[in-house]
Amino acid sequence: MRRRGRSLVWALDVAPKTRGSLPATGLGRGWEPTIIVALIGGLLLFGLLTLHSASSVMAQRVDLPHYHYVARQATGVAIGLVAMFVCARVPTAYWQRLAPHLMIGSLALLIIVILPFTHAIAPEVNGARRWLRVGVTVQPSDLAKLAVVVWTAALLVRKRDHLRNLRRGLAPFLVGWTLIVLPILAEPDLSTACLIAATGVIVVFVGGARVGHLVFLGLLLLPLAGSVLVSGYRGARWKSMLLDPGATADGSAFQAYQSLVAIGSGGATGVGFGEGRQKFGFLPEAHNDFIFSMIGEEWGFVGAVAVILCFLALIVLGFRVARQARNLFCQLLAVGIVSLIGLQAFLHVGVGLGVFPATGLSLPFISFGRTNLVAMLAAIGILLAVAREAQGGEA
């Protein structure tokens with residue numbers, strides 16, 4: 001298939017071009033789908049182990065069984081694996097046709113969350129309204145991440161001949177992203193909004209958008225972004241992190257400070273599984289927002305690097321799948337999914353290491369959170385579908 005735009009070729013060059021010769025697995029020919037599934041399985045199992053260690057004390061403090069959070073996460077794993085294998089068998093053409101409906105459905109759920117009269121099903125938790133409780137608890141913004149990737153890839157196929165025109169090419173994407181991002185900002189959830197916007201920009205850049213247009217739009221939005229980032233608690237976190245995190249360890253930088261303490265305590269090989277101390281109330285959200293810090297404490301530098309290498313391997317394999325995709329939509333879909341997972345993992349690890357202020361983004365496949373887990377596993381299923389339909393794979 002003819003590549004459109006130098007940026008698409010450049011982005012996919014990070015993956016080696018040679019193919020393996022392993023027999024067909026049912027998910028696609030070659031070794032990429034098999035290794036992807038193996039990596040996901042390993043991350044899921046490791047995540048359940050780490051989650052039990054990180055959450056057992058917290059559960060017992062409120063008179064719940066020590067396995068409470070692990071049992072809930074295990075149901076998410078089961079549902080997510082079903083979603084992954086179903087999505088792996090769904091033809092990618094269906095996702096292309098469903099893209100507008102996914103966006104509309106995601107937007108509807110996001111609006112319901114922030115309406116003033118929906119507190120009964122969308123209560124405020126820790127100062128934010130991000131969850132719908134309708135028998136099960138769902139976080140619509142996690143579903144919106146995948147919807148934006150599918151919609152952006154589908155629209156790029158339609159707009160590819162006009163993509164280098166700002167008004168006819170790039171403007172429709174900005175409108176769609178804004179409709180999704182605004183209600184997420186109203187929750188508020190700045191980190192997820194930024195993640196969605198960044199993923200969308202990566203996809204359109206890879207699809208052939210002009211760098212000058214993206215830079216121009218970035219400069220236009222810079223004052224607004226700056227005012228949002230430095231306002232309220234966010235400004236305090238940036239100030240404490242950049243100037244002197246140790247001096248405000250009991251204030252806005254408390255989480256970041258305790259995260260570094262946890263990672264530093266782990267040394268080379270960690271204090272041992274289940275032996276971490278930060279979970280005893282020192283590090284808030286150790287089972288979710290800061291689970292990488294728990295990994296660093298209990299598994300040490302070796303364990304932390306192993307997790308990072310797993311995600312890097314997943315990214316490279318994802319770009320290999322994108323390179324071998326049968327059409328432009330599949331290529332962009334694979335790039336978007338890999339970028340979404342990679343960016344979220346990168347930001348989570350960066351928060352744990354004190355590179356970024358606390359964002360609230362979970363570590364894919366490991367942190368507690370069933371909606372995000374199911375959405376990420378469904379995304380992996382779509383990536384496997386791209387591999388299955390690639391040349392030499394099963395149509």
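How much space lies in the second largest cavity? I put that to the structure, which is a predicted model. The answer is about 40 Å³.

**Entry 1: cavities**

I looked up how many cavities reach 30 Å³ or more, and the structure holds three. I then stayed with the second largest cavity and listed its lining. Leu314, Ile315, Ile337, Val338, Ile341, Gly342, Ile380 and Leu383 line it. Gly342 is in the list, and Gly counts as polar.

Next I checked which helices contribute. Helix H11 (291–323), helix H12 (328–352) and helix H13 (370–389) each give at least two residues to the lining. H12 has the largest share, with four residues.

**Entry 2: a surface patch**

Val211, Val215, Leu219 and Leu222 make a nonpolar patch of about 380 Å². I looked up Val211 by itself. Val211 sits in helix H8, which covers residues 211–229. Is Val211 buried, exposed or partly exposed? Its relative accessible area is 48%, so I note Val211 as partly exposed. The cut-off for exposed is over 50%.

**Entry 3: Thr118**

I looked for Thr118 and found it in the loop between helix H4 (92–114) and strand S1 (132–133). Buried means under 20%.

I also checked Thr118 against Leu132. The two residues are 14 residues apart along the chain, and their C-alpha atoms are separated by 9.3 Å.

Notes:
Residues numbered from 1 in each chain as written. Predicted model: local features only at pLDDT ≥ 70, side-chain atom pairs only at ≥ 80, totals over all residues. Heavy atoms only, no water. 1 Å grid on protein atoms, 1.4 Å probe; cavity = no way out; pocket = protein on both sides within 12 Å on 5 of 7 lines; lining within 4 Å. Points joined across faces, edges and corners; volume = space filled by probe spheres on them. Patch = residues over 30% accessible without salt bridge, like charges linked within 9 Å, V, L, I, M, F, W, Y side chains within 5 Å. Areas by Shrake-Rupley, 256 points an atom, 1.4 Å probe, with all protein chains shown as cover. Salt bridge = Lys/Arg side-chain N within 4 Å of Asp/Glu carboxyl O. Buried < 20%, exposed > 50% of the residue type's maximum accessible area, 1.4 Å probe, protein only.
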